Amino acid sequence: MKYLSTRAPSNGPTHSFCDILLEGLAADGGLYLPVSYPRVNGDLLDEWRRVLAGEGYAALAHRVISLYVDDIDSDDLLGICRRAYDAENFGSTQVVGVSRIGDGQLWIGHISNGPTAAFKDMAMALLGELFEYELTRRDRRLTILGATSGDTGSSAEYAMRGRERVQVFMLTPAGRMTPFQQAQMFGLKDPNIHNIAFDGVFDECQDAVKKVNADVAFKARYSIGAVNSINWARLLAQVVYYVALYLQMTGSNEEKISFAVPSGNFGDICAGHIAREMGLPIDRLVLATNENDVLHEFFSTGRYRVRASQEVAATSSPSMDISKASNLERFVHDLMGRKPEITTDLFDTQLSAHGRFSLRRTEAFQNLAERYGFISWNSTHADRVQTIRGLWCDCGILVDPHTADGIHVAHHLAGQIHSPIVVLETALPVKFADTIIEAVGVMPPVPERFKDVMDQPRRVVDLPNDPEAVKAHIIEQLG
Ligand SMILES: *Cc1c(COP(=O)(O)O)cnc(C)c1O
């Protein structure tokens, strides 16, 4: 399989999987996509159903990912998948699971069983193994520099901890993460993990990262890279759980199911789109946003408008508090018929000039719901709290505020959907104790594997709001 930037002409330069593995944006500013999506048929799905039941999730991941990777030896890739998705990291060899809410149309897809209790682990675990493999093969080292408001940073740190060729420097807005998230990150003892409590809000952390990256000589000297949500390998890893959940939910390939997905950067649900394009029998893709409804606005009106940072509300589902949806370009590229000149016009010319574009009058947008299955809605804080309380009181199920957003939206739209809906559980309630207490008055249970997270000594340095201080810290640590 070869990969092409969304902004490159179809006869433009293609790349292999490992060439884009360590990269974010393509040089032309676009995002990488495979030149085509491999199609799965009923026979292959039957085989995958047997593989999942017999050999577990890692073996299924190997089958799915192999369709997209032709520059890693198959046995090596199997080893990578086995190490990423083992029972020690994810609690069982099945890794993901489904459970029904009461006896209704809605199910919960459990994809947050990993080391940091958020679905980001599903992608990061694989990325950690792939990075180690490829860096060793190329005899290279990498310094991951990132900013996080919570789930991505801790997931990346767990995936990269102890890896010889990788150093991680993670900026967090001082005092702004939940106590559990802080404990999770700052409690890591591995010398290659460097936590920075940065004296600023999340946007300022991101700005500092950008400024460090703008120093080209520094960037080259320390091999600065990232693990952000536009990385293709992260999306690919996520395609696997759509397949696994589908196979667990169904007995035959005649059956269709829908997925409801709490969305921010459009990474999680973009993998659902890819799985659907591969021919996985997905009925509807239900996109759920919180108050920051950039994506709901796009899917309901055709208008995509990037928000100014002061317009972004700090909500009780913080991992969805975004001003723009970094992966949307991939979907729009498919929607508009994969024409790089159109994609470039929309995401480069129009966004730079006006901060928005509209597809409302295009035929592609008019047919979007029918052709691609998307349907969207949003939630407020009150909706999420009510959803958490209702589920707890009626069914004894406790969900986190992001998952609650998905459940609220799925409920709201269920009347229009004629298939079982699997709501993806993007984090466990333990990460967001404040909102849980507000909703139901009890502390969320702490899963056994996190029992002593809160008691670890903290490893974190305080830095002033200044990119130069970040650089100085990196130099001091790495020499
Ligand atoms: C990252 C995250 C999301 C949003 O996922 P996207 O891929 O950005 O759409 C939702 N919920 C939780 C808990 C997350 O960590």
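I take helices (H or I, at least four residues) and strands (E, at least two) as DSSP runs, numbered from the N terminus.

**Ground rules.** I am working on a predicted model, where local features need pLDDT of at least 70, side-chain atom pairs count only at pLDDT 80 or more, and totals for chains, interfaces and linings use all residues. Residues are numbered from 1 along each chain as its sequence is written, and side-chain values use heavy atoms, with hydrogens and water left out.

**Helix 6.** I began with helix 6, residues 120–138. Its 19 residues reach 26 Å from first C-alpha to last, close to the 27 Å expected at 1.5 Å a residue; the expected span is 1.5 Å times one less than the number of residues. I then checked burial, where buried means under 20% relative accessible area, exposed over 50%, and partly exposed in between (1.4 Å probe, protein chains only). Helix 6 is mostly covered, with 15 of its 19 residues buried. Just after helix 6, I found D139 with a positive phi of about 50 degrees.

**Positive phi elsewhere.** Most residues other than glycine have a negative phi. I noted A117, with phi near 65 degrees, in the loop between strand 4 (106–110) and helix 6. A117 counts as buried, at 0% relative accessibility. V95 also has a positive phi, near 65 degrees, and lies in the loop between helix 5 (87–90) and strand 3 (97–100). V95 is buried too, at 1% relative accessibility.

G264 uses a polar backbone atom, 2.8 Å from an oxygen atom of the ligand. The protein covers 96% of the 380 Å² of accessible area that the ligand has on its own (Shrake-Rupley method, 1.4 Å probe; for residues, only the protein chains shown count as cover).

**Q238.** I placed Q238 in helix 11 (residues 232–249). Is Q238 buried or exposed? It is buried, with a relative accessible area of 4%. Q238 touches F119, A123, G267, D268 and A271, leaving aside residues up to four places away in sequence; contact means heavy atoms within 4.5 Å. M122 is 116 residues from Q238 along the chain, yet their C-alpha atoms are separated by 6.6 Å.

**Helix 9.** Helix 9 (residues 202–214) has 13 residues and reaches 19 Å between its end C-alpha atoms, close to the 18 Å expected. Its buried residues are C205, A208, V209 and V212. They cover an arc of only 100 degrees around the axis, which puts them on the same side of helix 9; the arc is that of the directions from the helix axis to the C-beta atoms. On the face turned away from that buried side I found the exposed residues K210, K211 and A214. Strand 6 (166–173) and helix 21 (467–478) are among the elements covering the buried residues.

**A472.** My last stop was A472, in helix 21, which counts as partly exposed at 40% relative accessibility.

Note on methods. A polar contact is a pair of N or O atoms within 3.5 Å; within protein, one must be able to donate a hydrogen and the other to accept it, and residues adjacent in sequence count only if both atoms are side-chain atoms.
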